[in-house]
Amino acid sequence: MRLTVIGCSGSMSGPTSPASCYLVQADTVDAAGQARTTSVVLDLGPGAMGKLLGHVRPAEIDLLAVSHLHADHVADLVGMQVYRKWHPDGPLPPLSVLGPTGTLERLRAIDGGDDGECYEREFRFAEHAPGRPVRVGPLTVESFPVNHPVEAYGVRITGPSSLPGGPAEVTLAYTGDTDWCDGLVPLAHDADLLLSEAAFQEGRESVRGVHLTGRRAGELATASETRRLVLTHIQPWTAPEVIRAEAAGAYGGPIDVAAPDATWTL
């Protein structure tokens with residue numbers, strides 16, 4: 001299993017990165033001996049659709065999971081719909097979309113089209129259902145409610161290890177946007193990689209119930225016994241090295257800062 005960052009800028013696209021979008025893939029061989037790559041996309045924020053095209057063909061995406069319906073995580077689903085409907089090679093089959101309540105209505109609001117734009121030929125929508133894993137090829141996708149001003153979910157993905165001599169299965173946990181809550185430690189428990197938002201900075205933002213700081217992301221990594229922490233969703237006005245230093249004060253394991261095109265193999 002591997003993680004590729006498509007976009008990681010927090011709250012908006014930034015000068016060097018699209019907004020939130022992450023590609024999780026696993027390679028397998030089927031019963032006929034044919035190699036196949038399963039691809040799951042987590043969020044599709046502004047600027048991410050174009051960048052994603054450089055990493056995976058839309059026809060080869062198996063699932064698109066939307067953590068919540070703020071525009072910086074969902075706006076480019078409109079571009080995905082346009083690609084799937086209007087590409088000159090012909091329309092693509094519907095793509096499975098896992099999202100919060102009202103995902104279709106949110107896309108219609110962003111799109112601004114008429115009521116006839118139903119998206120049913122481009123997407124198949126399903127709602128997050130905590131406690132009910134979704135199987136996508138060799139990957140198991142689980143949803144965990146998290147703490148944000150709107151309905152929001154973290155996503156835990158378990159799949160085959162890509163490393164020789166490694167464990168049979170590995171786990172990636174993605175917080176989405178959240179502040180500390182009861183669901184975070186189960187989401188990230190014993191994860192091989194925790195992809196954690198860290199949009200707030202200690203001593204600067206005092207509001208709670210919106211985002212983690214670097215320190216709180218580090219505390220989560222420690223409490224959940226995560227083996228690697230990757231910090232993401234850092235806003236364009238924030239220095240990443242400050243957030244990383246905050247996390248390092250609370251977590252002794254390896255810490256990386258997400259960047260477009262960065263890849264981790266698990």
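The structure is a predicted model, in which local features need pLDDT of at least 70 and side-chain atom pairs count only at pLDDT 80 or more, whereas totals for chains, interfaces and linings use all residues. Residues are numbered from 1 along each chain as its sequence is written, and side-chain values use heavy atoms, with hydrogens and water left out.

**Overall build**

The chain contains seven helices and 14 strands, where helices (H or I, at least four residues) and strands (E, at least two) are DSSP runs numbered from the N terminus. Its radius of gyration is 18 Å, close to the 18 Å that the globule rule gives for 266 residues, so the chain is as compact as a globular protein of that length; the radius is taken over C-alpha atoms, and the rule is 2.2 Å times the number of residues to the power 0.38. The C-alpha trace spans about 50 × 45 × 35 Å along its principal axes.

Of the 266 residues, 52% count as buried, a term that means under 20% relative accessible area, with exposed meaning over 50% and partly exposed in between (1.4 Å probe, protein chains only). Among contacts (heavy atoms within 4.5 Å) with a separation of 6 or more, 62% are accounted for by residues 24 or more positions apart. The accessible surface comes to about 11100 Å², of which 52% belongs to carbon and sulfur atoms, as computed by the Shrake-Rupley method with a 1.4 Å probe.

**Loop residues**

| Residue | Loop | Relative accessible area |
|---|---|---|
| Ser 17 | between strand S1 (2-7) and strand S2 (21-29) | 7% |
| Thr 178 | between strand S10 (169-174) and helix H5 (184-188) | 0% |
| Gln 235 | between strand S12 (229-232) and helix H7 (240-248) | 6% |

Leaving aside neighbours within four places in sequence, Ser 17 is in contact with Gly 7, Cys 8, Ser 9 and Pro 260, and its C-alpha lies 8.0 Å from that of Ile 6, eleven residues away in sequence.

**Helix H6**

In helix H6 (residues 214-223), the buried residues are Gly 214, Arg 216, Ala 217, Gly 218, Leu 220 and Ala 221. The buried residues of H6 pack against H5, strand S11 (193-197), S12 and H7. After H6 comes Glu 225, whose phi is positive, near 55°.

**Annotated span**

An unreviewed UniProt entry carries the annotation "domain: Metallo-beta-lactamase" over residues 40-234; UniProt positions are given in the numbering used here, feature names are shortened, and annotations may be inferred rather than shown by experiment. In the model, the end C-alpha atoms of residues 40-234 lie 22 Å apart, and the span is 22% helix and 25% strand.
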